[in-house]
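I am opening my notebook on a structure that is new to me.

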Amino acid sequence: GGILQHFSLPENIRMSLFSARFLRNINEYLGVPNEPPIDLQFQPSGYLFLASPKDAAELEAAVQLQREQGGSQIFSPSPTPPGLENEGWFDPWTLLHAFRRKARPHPHFTPKTHAGFVTSADNPQDPEAARITYVHVHMADSLEYQPVACAVVVNAACVWGSQLSFGVPHRYVFSWHCPDGPGFSCPFLIDTSGAYFRRDGIAGNYLGGMSPPEEEEPDPSDLSVDDAFFQEQLWPRLARRVPAFESLKPRGSWAGYYDHNSFDQNGVLGPHPKLENLYVAAGFSGHGLQHA
């Protein structure tokens, strides 16, 4: 999971700056008495977006906004200083379970599967009303569901948010080993070609990937990994940026969904326009976790 301030909206920059403080002081927020402290393995090694000369003006305009919010800097090619201390990466699985562990003491935290809404607009006596009155919830290990009355509903179901999620592409992540690759000071690097990588520990291991062209988006119903994408698309780009990667050794790969708002790639956060007691938190693209 990455955290950065490279955004073109002030809201996203401010959320990321708060998140950096949140991650650094995670046990003050999510620590549970008599439980082991949370170790997110936060690595504040920075994010480095590379820009070609033709993209420099657009990058400079975005960085000016980020500076006003307390964010980024522009670096010239030589020398390249280390990244900013509020940018880097952390363990997303540990953060997820820290949120869950903090929530469990509350008596109504019960994982179930949502099956549908019943709204007051379904009432022929009041067709103009628009409130969710019941949520149909599948019971565990059963085909039955229970209508649960509710005052407020929050849809934070990511790619499972039905029509609230504007797109459900998926992305490959690859890992490799290269003992002569960039060292401990290497930031999370995004190349001008779209390829990205970061260190995975300090033993010569790396993670990386790249978004495919829109016309080559993988089938979202199939989460298998296309290894040819690494061999033919990603590896050559990595090797052009880092010559040591010419001799890298692939280690593994996985795929995951990408909750994508195709309108402007930003989160939909707030009240639903037609159902007055429904709130939405979806469509965060690649920055949902750092803004959670």
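**A hairpin to start**

I began with strand E5 (residues 132-138) and strand E6 (residues 145-149), which run antiparallel and are joined by five bridges. I take helices (H or I, at least four residues) and strands (E, at least two) as DSSP runs, numbered from the N terminus. Two strands count as paired if DSSP finds at least two bridges between them. Val-135 has Val-148 in E6 as its bridge partner. E5 and E6 make a hairpin with six residues between them, and Asp-141 in the turn has a positive phi of about 55°.

**Ground rules**

I note that this is a predicted model, where local features need pLDDT of at least 70 and side-chain atom pairs count only at pLDDT 80 or more, while totals for chains, interfaces and linings use all residues. Residues are numbered from 1 along each chain as its sequence is written, and side-chain values use heavy atoms, with hydrogens and water left out.

**The six-stranded sheet**

Next I traced an open sheet of six strands, in the order E2-E9-E10-E11-E8-E12, with mixed pairing. Its edge strands are E2 (47-49) and E12 (249-257), each pairing on one side only. From one strand to the next, the twist averages 20°. Angles here run from 0 to 180 degrees between N-to-C directions, and axes are lines fitted to C-alpha atoms, for helices over the stretch in contact.

E2 and strand E9 (residues 188-190) run parallel, joined by three bridges. There I found Tyr-47 with Phe-188 in E9 as its bridge partner. Helix H5 (residues 227-241) packs on this sheet, touching E8 (170-177), E9, E10 (196-199), E11 (205-209) and E12. The direction of H5 makes about 60° with that of E8. Contact means heavy atoms within 4.5 Å.

**The cores**

Which residues touch the most other members of the largest nonpolar core? Of its 21 residues, they are Trp-176, Phe-197, Phe-230, Leu-238 and Phe-245. H5 gives the most to this core, with six residues. A nonpolar core is a set of buried Ala, Val, Leu, Ile, Met, Phe, Trp, Tyr and Cys residues joined through side-chain atoms within 4.5 Å. Buried means under 20% relative accessible area, exposed over 50%, and partly exposed in between (1.4 Å probe, protein chains only).

Leaving out residues up to four places away in sequence, Leu-238 touches Trp-176, Ala-195, Tyr-196, Phe-197, Phe-230 and Phe-245. A second, separate core has 12 residues, among them Ala-20, Leu-40, Phe-90 and Leu-95.

I looked up Ser-16, which lies in helix H1 (residues 10-24). Is Ser-16 buried or exposed? Ser-16 has a relative accessible area of 0%, so I wrote down buried. Beyond residues up to four places away in sequence, Ser-16 touches Ile-3, Leu-4, Gln-5, Phe-7, Gln-290 and His-291.

Cys-178 is buried at 2% relative accessibility, and Cys-186 is buried at 8%. How many disulfides does a search of the whole structure find? It finds zero, a disulfide being a pair of cysteine sulfur atoms within 2.5 Å.

**A three-stranded sheet**

Last, I followed an open sheet of three strands in the order E7-E14-E13, with mixed pairing. E7 (153-155) and E13 (268-271) stand at the edges with a single partner strand each, so one side of each is left without a neighbour in the sheet. The twist averages 15° from one strand to the next. E7 pairs with strand E14 (residues 278-282) in the parallel sense over three bridges, and Val-154 stands opposite Tyr-279 in E14.
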